[in-house]
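I opened the viewer today and kept a few notes along the way. Here is what I had on screen.

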Amino acid sequence: MKNIIQTAEQLLGRKLTANDGYTTDEIKQAENMLGLTMPEALKHFYLSVGKVEVLASSFQRFLPLD
């Protein structure tokens, strides 16, 4: 099974950059605000491609962390 980075790069036709995902600090801040800990797979998604609108809203809707 391909991981999210390989799949995203193939779909986008380009390499991912740091600007495509949220930072670890942004994720921790969201977890603190919500009073929960995200599953590791969801954290990986947000770290990798969480800010790429076409991927975050094409099938299932992933909300922005704020």
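My entries on this chain follow, from the overall fold down to single residues.

**Ground rules.** I'm working with a predicted model, where local features need pLDDT of at least 70, side-chain atom pairs count only at pLDDT 80 or more, and totals for chains, interfaces and linings use all residues. Residues are numbered from 1 along each chain as its sequence is written, and side-chain values use heavy atoms, with hydrogens and water left out.

**Entry 1: the fold.** I looked up the secondary structure and got four helices and zero strands. Helices here are DSSP runs of H or I with at least four residues, strands are runs of E with at least two, and both are numbered from the N terminus. Going along the sequence, I read α-α-α-α.

**Entry 2: the overall shape.** How does the radius of gyration fit a compact globule? A compact globule of 66 residues would have one near 11 Å, and the chain has 12 Å, so the two agree. That radius is taken over C-alpha atoms, and the globule rule is 2.2 Å times the number of residues to the power 0.38. I also noted the box filled by the C-alpha atoms: roughly 35 × 25 × 20 Å along the principal axes.

Entry 3: Buried means under 20% relative accessible area, exposed means over 50%, and partly exposed is in between (1.4 Å probe, protein chains only). The chain exposes about 4,900 Å², with carbon and sulfur atoms supplying 56% of it. Those areas come from the Shrake-Rupley method with a 1.4 Å probe, and for residues only the protein chains shown count as cover.

**Entry 4: helix H3.** I went to H3 (residues 40-49) next. Which of its residues are buried? They are Lys43, Phe45, Tyr46, Ser48 and Val49. Their cover includes H1, H2 and helix H4 (53-56).

**Entry 5: Lys43 and Glu31.** Is Lys43 buried or exposed? Lys43 has a relative accessible area of 17%, so it is buried. Glu31 sits in helix H2, and at 9% relative accessibility Glu31 counts as buried too. The side chains of Lys43 and Glu31 make a polar contact at 3.3 Å. A polar contact is a pair of N or O atoms within 3.5 Å; within protein, one must be able to donate a hydrogen and the other to accept it, and residues adjacent in sequence count only if both atoms are side-chain atoms.

I then listed contacts (heavy atoms within 4.5 Å). Not counting residues up to four places away in sequence, Lys43 touches Ile27, Glu31, Thr37 and Met38. With neighbours within four places set aside, Glu31 is in contact with Leu36, Thr37, Met38 and Lys43.

**Entry 6: the loop between H2 and H3.** Both Gly35 and Pro39 lie in this loop. Gly35 has 65% relative accessibility, so it counts as exposed. Pro39 is exposed as well, at 52%. I checked two C-alpha separations: Gly35 to Tyr46, 11 residues apart along the chain, is 17 Å, and Pro39 to Gly13, 26 residues apart, is 28 Å.

**Entry 7: the ends of H1.** What caps the N-terminal end of helix H1 (residues 4-12)? Asn3 does, with a side-chain oxygen 2.9 Å from the backbone nitrogen of Ile5. Just after H1, Gly13 takes a positive phi of about 75°.
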